[in-house]
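I record what I looked up, entry by entry.

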Amino acid sequence: MDPLKELFKAKAFPVRDELKAVLKEHGELKIADVKVSQLIGGMRSIKSMLWETSLLDPEEGIRFRGYSIPQLIEELPKAEGDTEPLPEGLFWLMLTGDIPSKENVTWLSAEFERRAEVRPEVLAVIDACTNDVHPMTMFSIAVLAMQPSSVFAQKYDEGLSKADYWDPTYEDTLNLIAKLPVIASYIYRKVFKNGDHIAPKKGLDWAANFAHMLGFEAPDFTSLLRLYMTIHADHEGGNASAHATHLVGSTLSDAYLSFSGGLNALSGPLHGLANQEVVNWINEMVEQIGTKKPTKEQIADYVNTTLAAGQVVPGYGHAVLRKPDPRFSEQKRFSEQYIPDDDYVQIVWKVFDVVPGILGGLGKVANPWPNVDAHSGAILIHYGLTEARFYTVLFGVSRALGVLAQLCWSRVLGLPLERPKSITFENVKDFINNNKNQN
Ligand code: CMX
């Protein structure tokens, strides 16, 4: 058994036993009530799911296994000469709860390299898509096209004990994460670089190889991608991509089917597609105002036009966060360090100065602050990755780390089929009337 699998098993088995005992002894203890506003309003904040890999605090932002993003930047192993963390380290942490050593992540980089080969049939499926198919749709299709190689699906067909579900899920997880940069860069080069593909290079870490296959060799871009892949990886279980992966996975669909479900959720403009929308929105603003150096007043006018048209300001607001997203702040920190004078970055910072005041003034927006998607496009544009339609694919590659680490946990803990209860509007009104009569 490989060292990561061994450690995961050693960590997870006692939790599995403890979970069973807790369920037996405290299963009837009430943890939350549900309000009518939550039932109608997208189940906001209802505690109804286990998610081991990270936890989101409305004020503090995300913590991965208890570590905030600044702590991760400090403590996760780095590549030689880089100050940004290796995403392999975060995956190790999410799966085991331990900060890995440099040797651990070097092993994992090599393991991803060993598992990275993609079958030609899968690439042929991508090639069969016309270039007007959105890159996220192609990405999801390609993940589904890899499903026949699911170890879990094969073992399940052969007859697999429930106690062993976690083992082939771990294998699928590592295989899938290893292949995603190959698939994603294949899509990028097909759609935007005339199909001029770049073969993977031996001996690189996961994100560095991804940067190489995309066609970006500048060391600063590689650092950026390591940071990007780390900070987008997980955002607890309730967000749409995580929850969709979890929901599909709860039916014992394998990692490929489950993750494709997650990608489809990430493709919506209220979720991951917002990183594309932010850039489109800024481009339209620049075109309309006629300058790459708009004043704050000009930006404010443009924001008001967006709102007056009944549209949202992309990159702002969040269902849980009530402060600027630490993932936004981390990208701002990177930009201040590497590219402070970039025009696009300057616009993003000016938008940050203007938008919270306007959204806050509406009186209905729960969180007027920027989220992760407000900043990412500006940095990518600086380094020459200008094709906004591709941005959510980058988010998706990173998101795999979190949702698939969790899928391993869901399998080892034996989490059951998800089946919440829906009721009709008639039921809600009956409930309200009964409640009135009782008071
Ligand atoms: N611009 C304009 N209006 C906004 C807004 C924004 N950025 N954010 C919220 N609102 C509005 C909502 O549309 C809603 O209006 P109505 O009552 O008229 O329907 C009202 O404020 C209340 O919404 P909320 O409780 O503050 O926010 P929700 O939890 O319902 O939605 C989110 C959260 C992210 C969908 C919303 O803030 C939004 O649409 N933001 C823009 C899209 C975006 O950046 N999404 C990316 C999120 C991060 C990610 O998942 O990647």
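The entries below cover conventions, salt bridges, helix packing, cysteines and backbone angles.

**Entry 1. Conventions.**
I worked on a predicted model, in which local features need pLDDT of at least 70 and side-chain atom pairs count only at pLDDT 80 or more, while totals for chains, interfaces and linings use all residues. Residues are numbered from 1 along each chain as its sequence is written, and side-chain values use heavy atoms, with hydrogens and water left out.

**Entry 2. Salt bridges.**
I first asked how many salt bridges the structure holds. The count is 21, a salt bridge being a side-chain nitrogen of Lys or Arg within 4 Å of a carboxyl oxygen of Asp or Glu.

I then looked up individual pairs. Asp-98 bridges to Lys-11, with 2.9 Å between the closest N and O atoms. This pair ties together distant parts of the chain, 87 residues apart: Asp-98 sits in the loop between α4 (87-96) and α5 (102-114), and Lys-11 belongs to helix α1 (residues 3-26). Helices (H or I, at least four residues) and strands (E, at least two) are taken as DSSP runs and numbered from the N terminus.

For accessibility I used these classes: buried is under 20% relative accessible area, exposed is over 50%, and partly exposed lies in between (1.4 Å probe, protein chains only). Asp-98 is partly exposed at 27%, and Lys-11 is partly exposed at 29%.

Glu-121 and Arg-119 also form a salt bridge, at 3.0 Å from N to O. Glu-121 has a relative accessible area of 44% and is partly exposed; Arg-119 is partly exposed at 37%.

A further bridge joins Asp-196 to Arg-189, at 3.6 Å from N to O.

**Entry 3. Packing of α4 and α5.**
Two packed helices are described by the angle between their axes and the distance between the axes. Axes are lines fitted to C-alpha atoms, for helices over the stretch in contact, and the angles run from 0 to 180 degrees between N-to-C directions.

The axes of α4 and α5 come within 9 Å and cross at roughly 100°. The two helices are therefore roughly perpendicular, given that angles under 35 degrees count as roughly parallel, over 145 as roughly antiparallel, 65 to 115 as roughly perpendicular and the rest as oblique. On the α4 side the contact (heavy atoms within 4.5 Å) is made by Glu-88, Gly-89, Phe-91 and Trp-92, and on the α5 side by Asn-104, Val-105, Trp-107, Leu-108, Ser-109 and Phe-112. By class I recorded 6 nonpolar, 3 polar and 1 charged residue. In this scheme Ala, Val, Leu, Ile, Met, Phe, Trp, Tyr, Cys and Pro count as nonpolar, Asp, Glu, Lys and Arg as charged, and the others, Gly among them, as polar.

**Entry 4. Packing of α7 and α13.**
How do α7 and α13 pack, and at what angle? Helix α7 (residues 135-145) packs against α13 at an angle of about 170°, with the axes 8 Å apart. The pair is therefore roughly antiparallel. From α7 the contact involves Met-136, Phe-139, Ser-140, Val-143 and Leu-144; from α13 it involves Tyr-256, Leu-257, Phe-259, Ser-260, Leu-263, Asn-264 and Leu-266. This contact has 9 nonpolar, 3 polar and no charged residues.

I looked at Leu-257 separately. Leu-257 lies in helix α13 (residues 255-266) and is partly exposed at 32%. Apart from neighbours within four places in sequence, Leu-257 contacts Leu-144, Gln-147 and Val-248.

**Entry 5. Cysteines.**
Cys-129 is buried at 10%, and Cys-408 is buried at 0%.

**Entry 6. Backbone angles.**
Most residues other than glycine have a negative phi. Which value did I find for Met-43? Met-43, not a glycine, has a positive phi of about 60°. Met-43 lies in the loop between α2 (36-40) and β1 (54-57) and is partly exposed at 46%. Glu-236 likewise has a positive phi, near 50°, and is found in the loop between α11 (219-231) and α12 (240-249).
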